[in-house]
Each structure stands twice: as structure tokens, then as C-alpha cells.
Amino acid sequence: FSNSEAIVPDNIPKELKWASKAGAKKIPHRKKVYNVSSFGARNDGTTLNTKAIQAAIDACASKGGGMVTFDTGGFVTGSLFIKKGVILNIGKNTTILGSQDIADYPEIDTRIAGVEMKWTAALINVLDQENAALTGEGKIHARGKVFWNKYWEMRREYEKKGLRWIVDYDCKRPRTLLISRSSNVTVKGITLQQAGFWTVQILYSHNITVDGITIRNNVDGSGPSTDGIDIDSSSWILVQNCDIDCNDDDFCLKAGRDADGLRVNRPTEYIVIHDCIARKGAGLITCGSETSGNIRNVLAYNMTANGTTNCINFKSAITRGGTVENIYAHDITMSNVGTMLRATMDWNPSYSYSTLPKEYSYDSIPSHWKVMLQKVTPEQGTPHFKNVYLWNFTGSVRGQAVSIAGMKESPIENFFLSDINIEARTPGDISFASGWRLKNVSVKSPEEATLRVQNSEDMDVELTVKK
């Protein structure tokens, strides 16, 4: 990877030798082609083609693999399932149109926002497979706006009843692409837009490559929770050359929520993300809020944040637990970003903490509500953030350079920032931290302000503030 000699401080390795091992190690190579039109699919933009397209995929897989192709035009479909040895290729001037009927997305056993439960399958699924691919210059238009509207209607009703914490789980919205319990899967070149929920989720998988995809979720609206790429309790993942415009976290690392995430206890680790752009969204790189199974060994470089709420964001909750550590990010360019570096261990309380209103009987509520209501002890629930290395950041920040809020029981430890040269409204504040080091950090600010540090120890955080 680039600029390996720039890693600071001196007490960390000059090379992250594991980084070269991330990504898929093979891709299907059989050349036989199966065109979905030969199986009865119609490119008229109105016919539901789920059975015909799936028949082409199944036929291809049964013969040892190959490529499934489409004529130009629009193909409406519900959930599709890519199989071993199959390349699903969506060519130029071809659009996959997601069905807007939730009945066309069968329920499966999966994990949503850190909790295992029954939930609708994605539009495109790779489940329990290896050596498969989704490629092409075409488009997947999930047509998720109908599901956004359903969510907001439910959200208004649930908030009146004190149920904000469960509405995201009760309102089942299709993801666009789910890769689960799989390996050696490649996603390359496609454009995905208007996701009903998360766009790409990589769950319980290893050795996955996502290369050169474009995500445009703010098409004809601004959908809730339309994350870009979520890497969830997975390892050896490579994401490169991607361009994301969404309405929540752009490139996001997750590892389970609260009691259920602590039960599964599976980390996200050995992740490389490089040469990517985030446009609108909640964060260029986000760790959390689901941290229960631990997030570690992450490298991000040559990244651009244009208008995101945050650049680097760490978030968890006091019932979540888990450790986020060994995070490296360098050569990051920002433009009109809200905050360069944010960290909180008490994120979004109305969503993060579950309390059953008194008018509900525990015996009669759904099983996933009971999972969410499982108590977590303070010892289990305290999150930890430590060993973070950030260098070569430039650009403009419209708010604070840093906003750091640790806990007395869990200071945010050992953050190393160097060669930072940015514009910001104010340097920001740090509370409950320890072992921080800043070197060659410069903030151009219109205010006569300094970096505020409280309830912290062993801090060497001098920075240059220029008007």
C-alpha cells in the first residue's frame, strides 16, 4: 500500500504486512454463458422476472458455473440468489429494477443492525457460497422509496408509543446486496441506487473484494439508513475505487449489538479500504455503532470526503461492549466535512437503549424484542477505543476538528495524529482520554480558540491554531 514509510509514531510497524492478504483470492472462470431471456425473462420494465432469472442462475451453477447475462433494458425482480461458480453480469444499458412488493423478498435467517433475526432477503444475495461474482457496467435500481415511506410512517407511530428503539427492526426493508457466510466473492463495476435499507452488507464472510462500484441512494429523495458498504463481523475484506453518495454511514464497520452481539462475539478485522470517495453521508469511515464483537486491524488510505457529516467516526453505546483498536487512516482529503474526528461511547440514546413501555406485556411481545431487551452488565457493556493512527489529513471542516467523549470507566486511549493541516470553525474538545500524541497538527480557525481537554491524562496535544 502507499506511503508505508509515513506511519507514525516510531513504535508501530513500518509495514502492515497483513494488508496484502485482504480480498478475494479467486473468481469464477468458466466461460459458458446463460442469458436470462432464454429462460423467459422479459426486459420490458414491468414483468416480474424473479423465477426466470433465478432459473438461469441455477442452471449455470448446476453445470459448474459460468456467466449469467441480460439483454439491454429493464428487468423487474424480487430476491435473487447467486450460487457457487456463477458470475451475474449486468451489462451496460441494462437495469435491474427491484420489486416494490415486500412479498417478493422472502424472509431468511440473517443479522440486521447487529441482531440476528428473521428478515427479508436482499434484492441480490450470496448466501453460504464461495467463488462467485456480481459484475458489469449496468445498474441495480432498488426503487426503495416505497420502503422509505413505510419506515417514516411506522417511525411516527412507534415514537408516540416509546418504541423508537425497535422500529428499525420491525420495519423490514430490503437491502440491495447481501453477502453472508461466503468467501472469495467479487463485486465489481456496477452502479446501485435508491436502496430500501443498507446497500451492501458483507456479513460473517471472508476474502471479499468490492471494486469500482458506485452507490447513489439520494436519488429522488433522502432515504433513512441507506448505508453504503457495511462490513459486519467479517475479515480479509478489500474495498477499492468506490464512489458513495448515501444518507447514512458511507464505509462502515460493524460487529454486533448488545447481548446478541456479545453472544455471537465475532470480530470485523483485517479490512483495507482505499482510493474511494464519500459524498453525502454520515461518515467517510465509521466504526460502530455495533461494536460488541470487536473491530480491529483496519487500514484506509487515499480517501476523499465531500460533504459528509464526519470524516472518521467512532460510535458505540454503554450496553454494547467490544473494543475498537488498531485503526490506521492516512492521506485523507476533506471538503465541507462536519467534523474531522468524532468519538462517542453514548451514541443516540433513543435508538441505542431498549426499554419496554409499561402498557406492553413481556410475554406477548415478539422474540426479537426480547433479544433487544436482554440486560448487559456494565462490565460487558463498556466499549473501548484505542490505538488509532491518523496522518496526512487536509481540507475543510465546517464544525469542530475533533469531538471526543470517552467515559471515566473507559478513556479513549492512544490516538496518534500527525501532519494534519485543515480549516475548521474550532479545534474542538476532548474529554476522558489518555495517551494522545499530536505532531505537526495545524488548524486554521476563524475563532480565537484552543483545543479543550478535560478529565484526561498523559496528553501531548499541542497544535497550531491560525486565524
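**View 1. S442 in its strand.** S442 sits in strand β34, which runs over residues 437-444; strands (E, at least two residues) and helices (H or I, at least four) are DSSP runs numbered from the N terminus. The model is predicted, so local features need pLDDT of at least 70 and side-chain atom pairs pLDDT 80 or more, while totals for chains, interfaces and linings use all residues. Residues are numbered from 1 along each chain as its sequence is written, and side-chain values use heavy atoms, without hydrogens or water. S442 is buried, with a relative accessible area of 11% (buried is under 20%, exposed over 50%, partly exposed in between, with a 1.4 Å probe and protein chains only).

**View 2. The surroundings of S442.** Beyond its neighbours within four places in sequence, S442 is in contact with I420, N421, I422, T464 and K466, where contact means heavy atoms within 4.5 Å. With K466, the side chains also make a polar contact at 3.5 Å (a pair of N or O atoms within 3.5 Å; within protein, one must be able to donate a hydrogen and the other to accept it, and residues adjacent in sequence count only if both atoms are side-chain atoms).

**View 3. The largest cavity.** Strand β34 returns here, together with β30 (400-405), β31 (412-423) and β32 (426-431), as an element giving two or more residues to the lining of the largest cavity. This cavity holds about 60 Å³ of space. A cavity is a set of points on a 1 Å grid over the protein atoms alone where a 1.4 Å probe fits but cannot get out, and lining residues have an atom within 4 Å of a point. Grid points are joined across faces, edges and corners, and the volume is the space filled by probe spheres set on them. V402, L417, L438, V441 and L463 lie nearest the centre among 14 lining residues. The lining has 14 nonpolar residues, no polar and no charged (nonpolar: Ala, Val, Leu, Ile, Met, Phe, Trp, Tyr, Cys and Pro; charged: Asp, Glu, Lys and Arg; polar: the others, Gly among them).

**View 4. The largest pocket.** Here we look at an open set of points with protein on both sides within 12 Å along at least five of seven lines. The largest pocket contains about 450 Å³ of space. Its lining counts 26 residues, with D168, S225, D227, D248 and W347 closest to the centre. Helix α2 supplies the largest share, three residues. By class, the lining has nine nonpolar, seven polar and 10 charged residues.
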